[in-house]
Every structure is written in structure tokens, then in C-alpha cells.
Amino acid sequence: MNSSTKQIIAVAGCKGGVGKTLIAVNLALSLANNGRRVVLMDGNLAVPDVGISLGLEKNLNVERQKEGQDIANFIKEGPSGVHVLTPLGQPIWRETVETGQAVRMIESLESLSPSLDTLIIDTAPGLAPDNIALIQAAGEILIVLNQEVLSLLDSVRLIRLLYREYGVRRFNVVVNAVSNRRYGSNQFERLQNHLSDEVAIILRYQGAVPFDKAVAESLSRQKALLESSPDCRASKAINRIAQQIMAAPVTPPRGRIEFFLPARISERV
Ligand SMILES: Nc1ncnc2c1ncn2[C@@H]1O[C@H](COP(=O)(O)OP(=O)(O)OP(=O)(O)O)[C@@H](O)[C@H]1O
Ligand SMILES: [Mg+2]
């Protein structure tokens with residue numbers, strides 16, 4: 001990857017609990033293990049899970065008590081050298097999640113920007129305008145769905161909305177927690193069929209991640225799956241997805257949020 005090229009990937013999926021955080025966290029680790037210099041941002045400020053799933057919260061709680069309400073220090077060192085950009089401490093009460101917070105978080109990238117090349121954003125479920133604005137701003141969007149019908153139909157909604165409101169045409173797709181690889185490709189075909197009326201939309205299947213009990217085990221240990229079970233089936237599947245992403249050309253950010261250009265971000269968020 002050219003040192004001046006920056007890649008932003010938003011991991012998104014309208015439905016809650018489909019595995020967005022699992023994929024975002026472990027994709028970030030996999031890319032870092034392959035030499036990428038990665039920032040992993042928790043874009044779900046109201047319910048930030050990334051720090052918890054990596055066990056970073058344990059230390060952060062102490063720091064938060066010391067710092068009171070000061071949440072200016074957002075970047076933490078995660079596994080595999082991944083820089084984790086997350087609000088500190090306990091989940092923040094809704095009324096404290098303000099525009100300024102997201103701006104300050106993203107601005108905290110500034111000091112790191114020259115040495116980093118990849119930003120993975122774990123996003124919130126749902127179609128709330130601020131979430132959609134964050135998702136569309138990335139150069140690349142990785143849609144995560146599972147094999148259930150609600151997840152399929154919610155993904156259709158999300159993709160239509162991103163296309164109609166923001167003109168996003170390209171989507172990478174992962175089907176997570178499948179009991180059989182065939183279910184993944186079948187679900188992808190259903191997604192294509194549901195969106196066949198939007199001829200400009202291009203969906204690219206990046207593969208399936210199997211349902212794997214190692215996922216729950218890693219969460220209970222508050223370790224990334226790739227760290228706690230690097231050879232499990234789900235880890236291998238995520239590594240394959242990372243390889244495909246690294247082999248594909250990078251699509252630059254779309255301009256509403258520019259990687260490592262905080263001034264522009266501040267104007268827009
Ligand atoms: N491949 C998998 N195998 C087994 N369990 C999984 C898998 N993917 C996700 N899970 C389970 O599903 C739960 C939800 O996963 P995750 O938190 O990554 O979803 P999410 O889409 O980020 O949820 P939210 O919408 O709440 O942010 C996890 O607690 C995990 O136990
Ligand atoms: Mg999540």
C-alpha cells in the first residue's frame with residue numbers, strides 16, 4: 001500500500017447484534033498483523049462495545065474516575081499495535097453524546113495521522129441520520145448481515161438509504177454466524193435479488209464467517225478472537241476477508257469526513 005494512501009472502512013449493518021463489532025475488531029487486528037497501521041474507531045458513541053470486547057475498559061474505568069468527565073484522551077493501544085479510538089469508561093449516558101464528542105474523538109487522530117494508513121469504523125445499528133452520515137463518509141462500506149431474514153431486509157433498507165441519500169454504489173458484504181458456508185452465499189444472492197431494481201448498486205461478496213463458539217469464549221475473556229483463538233474457523237474466515245481487502249484497490253474516502261483531516265471533519269460532524 002502506498003504510504004500516502006489512506007483507507008477508511010465502515011463496518012455497518014442495520015440490524016443489531018449481527019456481528020459488526022466482531023468483524024470490525026478482528027478485521028482491524030488481521031490488517032495490523034499484515035503490516036497495516038490501523039486505527040479502530042468505535043463509531044457507536046452511545047453504546048461503545050469495542051473497548052469492552054478488547055478488555056480496554058478495565059484500565060479505562062480507573063482513568064475515567066481520575067479524570068472525572070474529561071474524555072479528551074480517546075486513543076488507546078490495543079492488541080497487534082492497533083490504535084483504538086473509543087470513548088472512555090462506562091457507556092456514556094445518551095444526553096452526554098454530543099456532536100462535539102465525535103469531533104473531539106476524530107480530532108484526536110491528528111497527532112497520529114502521518115504514521116497510520118487504515119481506519120476501521122465500527123458503527124451503530126439503525127438508520128439514525130448521524131450513523132448514516134458516518135457510514136457514508138468512509139471510502140468503503142462493509143455490510144455485515146447474518147442468515148436471518150430480518151437482517152437481510154434491514155440490510156436492504158440500509159443499502160437503499162445510502163444509495164438514495166448519498167449516492168453510495170459499492171458495498172462489500174459479509175454474512176456472519178453462518179451454520180454452513182452455502183447459507184452465506186445464498187443470503188448474498190437474496191440480497192442481490194432484493195436490490196436488483198437498483199441497477200447502479202454494486203455488491204461484492206467477501207465471504208461468510210461461521211458461527212463459532214470461540215467467539216463467545218473470547219468475549220467472556222475480553223480478548224479479541226484473533227488473539228484468543230487465532231486458529232478457529234471464524235478467525236480464519238476473517239483473515240481471508242482481510243486478505244481480499246488488502247488485494248483490492250483502495251477507494252478513497254467520500255469527502256464528508258476525510259481521514260486525518262480533522263478540520264474538515266469538524267465542519268461537518
Ligand atoms: N461468528 C459468530 N459466531 C458465534 N457468535 C457470534 C458470531 N458473531 C457474533 N456472535 C455473537 O453475537 C453477539 C453480537 O455480536 P456483535 O456485538 O459483534 O454484534 P453487533 O452487530 O456489533 O451488535 P450491535 O448492533 O449491538 O453493535 C456477540 O455477543 C457474539 O456472542
Ligand atoms: Mg456492535
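**Exercise 1. Find which residues of helix 8 (residues 213-220) are buried, and on which side they lie.**

Solution. Start with the term: buried means under 20% relative accessible area, exposed over 50%, and partly exposed in between (1.4 Å probe, protein chains only). Helices are DSSP runs of H or I with at least four residues, strands are runs of E with at least two, and both are numbered from the N terminus. In helix 8, the buried residues are A214, V215 and S218. They span an arc of only 110 degrees around the axis, so they sit on the same side of helix 8. The arc is taken from the directions that run from the helix axis to the C-beta atoms.

Next, turn to the face away from the buried side: K213, A216 and S220 are exposed there. Then look at the cover. The buried residues of helix 8 are covered by elements including helix 1, helix 9 (225-228) and helix 10.

Finish with the ends. D212 caps the N-terminal end: one of its side-chain oxygens is 3.0 Å from the backbone nitrogen of A214. A polar contact is a pair of N or O atoms within 3.5 Å; within protein, one must be able to donate a hydrogen and the other to accept it, and residues adjacent in sequence count only if both atoms are side-chain atoms. After helix 8 comes Q222, with a positive phi near 55 degrees.

A note on the source: this is a predicted model, where local features need pLDDT of at least 70 and side-chain atom pairs count only at pLDDT 80 or more, while totals for chains, interfaces and linings use all residues. Residues are numbered from 1 along each chain as its sequence is written, chains are lettered from A and ligands numbered from 1 in the order in which they are written, and side-chain values use heavy atoms, with hydrogens and water left out.

**Exercise 2. Describe how helix 1 (residues 20-33) and helix 10 (residues 233-247) cross.**

Solution. Two packed helices are described by the angle between their axes and the distance between the axes. Here the axes come within 9 Å and cross at roughly 65 degrees. Axes are lines fitted to C-alpha atoms, for helices over the stretch in contact, with angles from 0 to 180 degrees between N-to-C directions. Now the hand: helix 1 passes helix 10 in a right-handed crossing. That means the near helix is turned clockwise from the far one by less than a right angle.

Last, list the partners. L22, I23, N26, L27, S30 and L31 of helix 1 meet I238, N239, I241, A242, I245 and M246 of helix 10. Contact means heavy atoms within 4.5 Å.

**Exercise 3. Is N131 buried or exposed?**

Solution. First locate N131: it is in helix 5 (residues 129-137). N131 is buried, with a relative accessible area of 6%. Not counting residues up to four places away in sequence, N131 touches T123, A124, P125 and G126.
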